[in-house]
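Hi,

Here is the structure I said I'd pass on.

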Amino acid sequence: MRKYLILLLFLLFSCEKDFIDEDVISIPREDRIFAVKQSSVVDNQTIFFDIESNVEHTLAIKDLETNSILSKETFLPKNGIGMNDKTLYIKSLPKKKLELQLILTDKVIKSTFIIVE
């Protein structure tokens, strides 16, 4: 009986909650959306990208066939200069190849192709 009590106490006091420091976690290079020429995306997917200034930027999704903008969002970088992220809500977009653009003052500074799945 004493062995079980000691084992129970050992298990209770030896277990600790895992500590994960979010500042240390780095995003792998392949998760950066503009680092690749083309990638597949799904609804509610978080994308990561680098920003080089703290001014207002725009993310636009453009149809390649009609050359029209399907979706556009203007934002201020929440993490400042460096790695930023946005969640894509693309449920209403057509399931085909589109172009994702990062725009700064009416000039496309980064772009990539996305395939909506």
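Below is what turned up when I went through the salt bridges.

First, keep in mind that this is a predicted model. It holds 6 salt bridges, and I'll walk you through some of them.

Let's start with K110 and E52, whose side chains meet in a salt bridge at 3.8 Å, N to O. K110 sits in strand β7 (residues 107–116), while E52 is in the loop between β2 (45–51) and β3 (57–63), so this pair ties together parts that are 58 residues apart in sequence. E52 is exposed, with a relative accessible area of 60%.

Next up is D63 with K96: their closest N and O atoms are 3.0 Å apart, in another salt bridge. Here D63 belongs to strand β3 and K96 to the loop between β5 (82–88) and β6 (97–104), so the two link parts that are 33 residues apart in sequence. D63 is buried, at 6% relative accessible area, whereas K96 is partly exposed, at 23%.

Then there's K86, which forms a salt bridge with E73, with 3.1 Å between the closest N and O atoms. Both partners are in strands, K86 in β5 and E73 in β4 (residues 69–75), so the pair ties together parts that are 13 residues apart in sequence. K86 counts as buried because its relative accessible area is 18%, and buried means under 20%. E73, at 36%, is partly exposed.

One more thing on D63 and K96: together with E65 they are joined into one network by salt bridges that share partners.

Cheers

Technical notes: Residues numbered from 1 in each chain as written. Predicted model: local features only at pLDDT ≥ 70, side-chain atom pairs only at ≥ 80, totals over all residues. Heavy atoms only, no water. Salt bridge = Lys/Arg side-chain N within 4 Å of Asp/Glu carboxyl O. Helix = DSSP H or I, 4+ residues; strand = E, 2+ residues; numbered from the N terminus. Buried < 20%, exposed > 50% of the residue type's maximum accessible area, 1.4 Å probe, protein only.
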